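Open the model in your viewer and keep the selection panel at hand.

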Amino acid sequence: MNHILFFGLGFSATALAERLAQKGWTISATSRSEAGAGAIRCKGYRGFVFDGSQPLPEAAFDGVTHMVDSAPPGDDGDPVLRQHANDFASRAAQFQWVAYLSTTGVYGDHGGGLVTEDTPLTPNTERGHKRLLAENQWLGLWRAHGLPVMIFRLAGIYGPGRNQLLSLLDGTAKRVIKPGQIFSRIHVADIANTLEASIAHPDPGRAYNVCDGEACPPQDVVAYGAKLLGLPAPPDVPFEAADLSPMARSFYADSKRVSNARILTELGVKLSYPTYREGLAAIAREMGR
């Protein structure tokens, strides 16, 4: 019986959990609050509270064969490992596959150049440094104890309920212009595709970039979304004048083109949405636009 435990059941984790549940897997997941854990139980999953301050009960790991960790790291690294590194070390033989969901931000700024999984990791943001610390903590468990950990570096995530079409419709979309800026991105369904492919072909210690095949300036995505909706594209806003949240501004701290060759060749992933165009067009159809 396959049993997967998710530390955090956010946007990306939910996409995989729903697929595996349909295939008969047992699903356990954590939330930071009891209300959130209750909502997880309402889905028919096992729900636990985990906010990093206290460990899960030992029984939470009974029968678990697979794990996904998407918990945001702190200054000292991964809160999951702060509480459970010793448990995972002692139980390493129990697990068939463990995924740590990281970010392409660990590569830092490459001036629009191409990065692969072999590119040196030189993050230039606080978020990127924390993710790199957490990556190394997980890989340390693989090296020392054989825990079958794989690292997945996610590009900018979009999908139903979280996309530029919604921001265009509610009037919050901006065409922020920063010369030379390009991003890579990934549809949430293709994150699930990649994780499922890795479950079928685990390679402990391996890192994977999870992105589609076309990095581009962010304003191009906004313009394409407006075209799909039959709306005028928002006016250009210079980056220096844009009123961005600290999180949004951090995404502009580095510019790079991320290679997805490894997931295509080693895992045999067939992207449902090879570029943002297919992804946004599918979402537009789902929205009846």
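This is a predicted model: local features need pLDDT of at least 70, side-chain atom pairs count only at pLDDT 80 or more; totals for chains, interfaces and linings use all residues.

Residues are numbered from 1 along each chain as its sequence is written, and side-chain values use heavy atoms, with hydrogens and water left out.

Now show all of S5, residues 97-103; S4 runs parallel to S5, joined by four bridges. Strands pair if DSSP finds at least two bridges between them. Strands (E, at least two residues) and helices (H or I, at least four) are DSSP runs, numbered from the N terminus.

Follow the chain from S4 through helix H3 (79-90) to S5: this β-α-β crossover is right-handed. That is, with the strands pointing away from you, the path over the helix runs clockwise.

Next, select S1, residues 3-7. S1 pairs with S4 in the parallel sense, over four bridges. Ile4 has His66 of S4 as its bridge partner.

Stay on S4 (66-69). His66 and Val68 on one side, and Met67 and Asp69 on the other, are all buried (under 20% relative accessible area, 1.4 Å probe, protein chains only).

Move to the second largest pocket, about 210 Å³ in volume. Its lining includes Pro72, Thr125, Arg131 and Met247. H4 (126-145) and H8 (246-251) each give two or more residues. H4 has the largest share, four residues.

Note on methods:
Buried means under 20% relative accessible area, exposed over 50%, partly exposed in between (1.4 Å probe, protein chains only). On a 1 Å grid over the protein atoms alone, a cavity is a set of points where a 1.4 Å probe fits but cannot get out, and a pocket is an open set with protein on both sides within 12 Å along at least five of seven lines; lining residues have an atom within 4 Å of a point. Grid points are joined across faces, edges and corners, and a volume is the space filled by probe spheres set on the points.
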